[in-house]
Amino acid sequence: MADSASRQSWIKKLGPGLITGAADDDPSGIATYSQSGAQFGFNLLWTLCLTFPLMVGIQIISARIGRVSGHGLATNIRLHYPAWLLYGIVGLLLVANTINIAADVAAMGEALTLLTGGPAHLYALGFGALSLLLQVFIPYNRYVRLLKWLTLALLAYVGTAFAMHTPWTEVFTKTVWPQLSWKPAYITTVVAVFGTTISPYLFFWQASQEVEDMQAQVGAKALKDAPEQASANFSRIKADTVIGMGFSNIVAYFIMLTTAVSLGMHGITDIQTSAQAASALRPIAGEFAFVLFSAGIIGTGLLAVPVLAGSAAYAMAGAFHWQNSLEMKPLLAKKFYGIIAVSTTIGVLLCFTPIDPIKALYWSAVINGVISVPIMAVMMLMAANAGIMGRFVIGRKLKLLGWICTGAMTLAVLTMFMTFGS
């Protein structure tokens, strides 16, 4: 009985970090990882080993900013940095998230069509409406439990790899000793993987969720005002984030591995969507792998669309000083919920226009990689600012890891630009 209670208590501690990590493997991310595996085989698996510690560092920093200051990232930027920087970052985030929502709901609709038949566009409309209703009408403390359960959908991709004949010795060898390339397509794909994995909306979401969790707990306060609560919360943030980012990168690794084995090794190198990857799996890897992969697209989409819309709403609310909380009733935070509704609705409507959000998806991942650089730089300055963090400015190790992450993304982006002309 004691062990059961201990496990339940431990699971309850998982929240912002776990959900943030799981939301990173959304259908648009699946498309990027699938294209990487199909086009370059095992030679990009190393990227997901590198992104793990970098993600852990930068996401812990974003979580600490939220929990220590009691404010999300956009609010802190508004209070401490120039308006042009705030509006530029928030505007780009809103556009990128809306494109991602469009790609995700389209992929979910296509995946359900593959499994059951029927109209993909109407399914996309239904998934968008379902996601919107969940965010608007379910209180945060119940809604977050649902998101935790949806993370289990990601295990489908681990199962898919073991449902096929995988040359594990070659996989491990290529992971630690890949064939690198300076060709523009390879460099751009590296940046796309980084941009998909280390995405701006994740920073905004996790910081805001720490604020939500703080407000939901009786007696909890911003840590700079209640330093006695710091030790327990920093331990929780670390464990939650390490598990969440580990989960995210393991699943992404297996998606890339699955498509490398099933598609790349069979000459199928051009994958534009996650649903296309699932469809291509069927004749090669069998019905079971196809069903697992397709069902995973739907589950991850249900998890990711609320995070994309919610992070955009948190950013806009912080930028313009609006009431914001998923725990609040819609009538008390009309503008906040309005952004969730508008971004989700526009994303769904894009699926019904001549604009193909799927074709824009790969480049939106690249754009995410580019705009991550200034956002991470601002976060690092925030985390070292005593006016924001009080006595809890980040220490030397976390500061080093955060700047390495920022530097790695900067290097990847600069290398991509340098190879465009070659």
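The axes of helix 6 and helix 16 (residues 334-350) come within 7 Å of each other and cross at roughly 50°. Helix 6 is therefore oblique to helix 16. On the helix 6 side the contact is made by Leu94, Thr98, Ile101, Ala102 and Val105, and on the helix 16 side by Ile339, Ser343, Thr344, Ile346, Gly347, Val348 and Leu350. Contact means heavy atoms within 4.5 Å.

## Basis of the model

This is a predicted model, in which local features need a pLDDT of at least 70, side-chain atom pairs count only at pLDDT 80 or more, and totals for chains, interfaces and linings use all residues. Residues are numbered from 1 along each chain as its sequence is written, and side-chain values use heavy atoms, with hydrogens and water left out.

The average pLDDT (the predictor's confidence in each residue, from 0 to 100) is 84 for the protein, and 87% of the residues score at least 70. Confidence is lowest in helix 1 (residues 2-13), with a mean of 49, and highest in helix 5 (residues 73-80), with 95.

## Overall make-up

The protein has 19 helices and 0 strands. Helices (H or I, at least four residues) and strands (E, at least two) are DSSP runs numbered from the N terminus. Of the 422 residues, 58% count as buried; buried means under 20% relative accessible area, exposed over 50%, and partly exposed in between (1.4 Å probe, protein chains only). Among contacts between residues at least 6 apart in sequence, 83% join residues at least 24 apart.

## Helix packing

Two packed helices are described by the angle between their axes and the distance between the axes. Axes here are lines fitted to C-alpha atoms, for helices over the stretch in contact, and angles run from 0 to 180 degrees between N-to-C directions. Angles under 35 degrees count as roughly parallel, over 145 as roughly antiparallel, 65 to 115 as roughly perpendicular, and the rest as oblique.

Helix 6 also packs against helix 15, at an angle of about 160° and with the axes 8 Å apart. That angle makes helix 6 roughly antiparallel to helix 15, and the crossing of the pair is left-handed.

Helix 15 (287-320) has a further partner in helix 7 (residues 120-137), where the angle is about 55° and the axes are 10 Å apart. Helix 7 and helix 15 are therefore oblique to each other, and their crossing is right-handed. Helix 7 contributes Phe127, Leu130, Ser131 and Gln135 to the contact, and helix 15 contributes Ile298, Leu302, Val305, Pro306, Ala309 and Gly310.

## Individual residues

The table lists relative accessibility for selected residues.

| Residue | Relative accessibility | Class |
|---|---|---|
| Asn97 | 1% | buried |
| Phe247 | 17% | buried |
| Ala333 | 2% | buried |
| Thr406 | 4% | buried |
| His321 | 62% | exposed |

Asn97 lies in helix 6 (residues 83-116). Leaving aside neighbours within four places in sequence, Asn97 is in contact with Tyr201, Leu308, Ser311 and Ala312. With Ser311 the side chain of Asn97 makes a polar contact of 2.9 Å. A polar contact is a pair of N or O atoms within 3.5 Å; within protein, one must be able to donate a hydrogen and the other to accept it, and residues adjacent in sequence count only if both atoms are side-chain atoms.

Phe247 belongs to helix 13 (residues 230-262). The C-alpha atoms of Phe247 and Gly21 are separated by 6.7 Å, although the two residues are 226 residues apart along the chain.

Thr406 lies in helix 19 (residues 396-420). Beyond four places in sequence, Thr406 is in contact with Val373, Met376, Ala377 and Met380.

The loop between helix 15 and helix 16 holds His321 and Ala333. Most residues other than glycine have a negative phi. The phi of His321 is near 60°, a positive value in a residue other than glycine. Ala333 and Trp322 are 11 residues apart in sequence and 7.5 Å apart in space, C-alpha to C-alpha. Apart from neighbours within four places in sequence, Ala333 is in contact with Gln323 and Met328.

Methods:
Left-handed = near helix turned anticlockwise from the far one by under 90°.
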